[in-house]
Amino acid sequence: MTTTTWLRDETPYDVFRFLRTGDEDRHQTARVTGGGAAWLASAAGGEPGAALARWEARPEAPAVLPCGPVFDVVNVDPVFGRRMLDRLWEEGPGSGPVAAHRGRMLLFAAPGTAQRLPALLDWEEWGRAVPRPLCHGTGDAVTVPPLVPAGEESAGPRWLVAPDTRNPWLPGPEVMLWACVRAARAVSAADVRVSIFAPAAQGANVYDVSRRR
């Protein structure tokens, strides 16, 4: 049986009213919409409505969700992850949801990516230049950020690119391999480029998501 864990109790709160309310302190890319919340809840197992009810009661609580049925997660070093996202947004199709947690970057990917990406990296000529990612798939679980940000001072998980639709586009293993290789080649060639990441505080949001699917 799949168990979904909400990590901290909170006072009951109308989270969907909050998600519909404008908040000038939060960049749009870091906002979880009602559709995005429903997508996350669909990964919880059981009735999505029950998961949404639990999250409504604890909107500022991170949750532990299983990987596999709805999404996989590629867990990378944050510096290399930033280079991957630079490539995905500047030269590729964009990314799916992305979170940061405990000094790592979590890129949400299509189911099956966790199983195939390591093999693709082993086969790829540039695979050895890629810092080995941790791939979370069926049988694994990850901590996802809360629907309601806990504030810039919080050391907990946070969204860099939040889910904003009921069916977000997720990159598959080939796209993730492409981003890994492009990032590795850029480092090897000392390709000095202006990063889309601003050297600002953790709460800074820097993506142009006009091409998000």
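In which loop does R102 lie? R102 lies in the loop between strand 4 (98–101) and strand 5.

The legends describe a predicted model, in which local features need pLDDT of at least 70 and side-chain atom pairs count only at pLDDT 80 or more, while totals for chains, interfaces and linings use all residues. Residues are numbered from 1 along each chain as its sequence is written, and side-chain values use heavy atoms, with hydrogens and water left out.

**View 1. The chain as a whole has six helices and eight strands.** Helices (H or I, at least four residues) and strands (E, at least two) are DSSP runs, numbered from the N terminus. Along the sequence the pattern is β-α-α-α-β-β-α-β-β-α-β-β-β-α. Of the 213 residues, 46% count as buried (under 20% relative accessible area; exposed is over 50%, and partly exposed is in between; 1.4 Å probe, protein chains only). Contact means heavy atoms within 4.5 Å. Among contacts in the chain with a separation of 6 or more, 80% come from residues 24 or more positions apart.

**View 2. R102 has a positive phi of about 55 degrees, although it is not a glycine.** Its relative accessibility is 75%, so R102 counts as exposed.

**View 3. Helix 5 (residues 113–123) packs against helix 6 (residues 173–188) at an angle of about 45 degrees, with the axes 9 Å apart.** Axes are lines fitted to C-alpha atoms, for helices over the stretch in contact, and angles run from 0 to 180 degrees between N-to-C directions. The angle makes helix 5 oblique to helix 6 (under 35 degrees is roughly parallel, over 145 roughly antiparallel, 65 to 115 roughly perpendicular, and the rest oblique). The crossing of helix 5 past helix 6 is right-handed, meaning that the near helix is turned clockwise from the far one by less than a right angle. Helix 5 contributes T113, R116, L117, L120 and L121 to the contact, and helix 6 contributes P173, E174, M176, L177 and C180.

**View 4. T113, A114, L117, L120 and L121 of helix 5 are buried.** These residues cover an arc of only 125 degrees around the axis, and therefore lie on the same side of helix 5; the arc is that of the directions from the helix axis to the C-beta atoms. What covers the buried residues includes strand 3 (72–76), strand 5 (104–109), strand 6 (134–136) and helix 6. On the other side of helix 5, Q115, D122 and W123 are exposed.
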